Amino acid sequence: ERVDFTDFFHSIIDRFEMNKYEQDLSFERQLPDKPHWVWIDKDKMTQVLYNVLSNAIKYSPDGGTITCKVDVKGKMLNVTVTDQGVGIPSDQVDRIFDRFYRVDKARSRKLGGTGLGLAIAREMIEAHDGKIWANSKEGQGTSITITLPVMHQKRGDA
Ligand code: ATP
Ligand code: MG
């Protein structure tokens, strides 16, 4: 269905912002001030963003900021979620999208989860003709980037 991603992402962040977390966290929004239309399965995209944001929260330190950014470059919408958490060793960054792969099994087990979230996210994003990848520095934080094709605007489209 046709969705204004700006509005859609705001409402997802709103929901996360209302929750209480073990750490003191803040959410920073760097979202456009106008609509950007994408063709997405809303439920699936909610699941993807829910997992990415939950991961950012799980691995954030007390006082951490989670930055949610959207910008448009050409025909693609870029969505980035950046945390200031533990980060991921560079030799494992690409593996986090593998099924059941988890960095540091002991730590991850304590924090819960199955290691499926990002594998499912990649499947869903690719089904939307987009891409998803991670950048990370150990000890400094992680950012997850998602790209999605923007719908071309027809004349008369609201
Ligand atoms: P699930 O999502 O199924 O509940 P999970 O969160 O462990 O479990 P994924 O979301 O697929 O699984 O993430 C895989 C692994 O990647 C995590 O276990 C963690 O080791 C690492 N990871 C993911 N996001 C981050 C992040 N923001 N910071 C640090 N490590 C991360
Ligand atoms: Mg997860």
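A134 is partly exposed because 18 other C-beta atoms lie within 10 Å; a residue counts as buried with 20 or more other C-beta atoms within 10 Å of its own, as exposed with 12 or fewer, and as partly exposed in between, with C-beta atoms placed from the backbone. The residue is found in strand β6 (residues 131-137). Leaving aside residues up to four places away in sequence, A134 touches I88, V93, I96, T142 and I144, where contact requires C-beta atoms, placed from the backbone, within 7 Å. A134 and S26 are 108 residues apart in sequence, and their C-alpha atoms are 21 Å apart in space.

This is a predicted model, in which local features need pLDDT of at least 70 and side-chain atom pairs count only at pLDDT 80 or more, while totals for chains, interfaces and linings use all residues. Residues are numbered from 1 along each chain as its sequence is written, and chains are lettered from A and ligands numbered from 1 in the order in which they are written.

The protein chain has four helices and seven strands, taken as DSSP runs (helices H or I, at least four residues; strands E, at least two) and numbered from the N terminus. Their order along the sequence is β-α-β-β-α-β-β-α-α-β-β. Strand pairing requires that DSSP finds at least two bridges between two strands. Two pairings are listed below.

| Strand pair | Sense | Bridges | Opposite residues |
|---|---|---|---|
| β4 (residues 65-73) and β5 (residues 76-82) | antiparallel | seven | K69 and T80 |
| β5 and β7 (residues 141-149) | antiparallel | seven | T82 and S143 |

β4 and β5 form a hairpin with two residues between them. In its turn, G74 has a positive phi of about 60 degrees.

Around ligand 1 there are 21 residues, of which N55, R102, G113, G117 and L118 come nearest; a residue is near a molecule if its C-beta atom, placed from the backbone, lies within 6 Å of it. Helices α2 (42-58) and α4 (117-127) each supply at least two residues of this shell. By class, the shell has ten nonpolar, nine polar and two charged residues. Here Ala, Val, Leu, Ile, Met, Phe, Trp, Tyr, Cys and Pro count as nonpolar, Asp, Glu, Lys and Arg as charged, and the others, Gly among them, as polar.

Of the 158 residues of the protein chain, 25% count as buried. Among contacts with a separation of 6 or more, 67% come from residues 24 or more positions apart. The C-alpha trace spans about 55 × 30 × 25 Å along its principal axes.

Definitions and conventions: Two residues are in contact if their C-beta atoms, placed from the backbone, lie within 7 Å.
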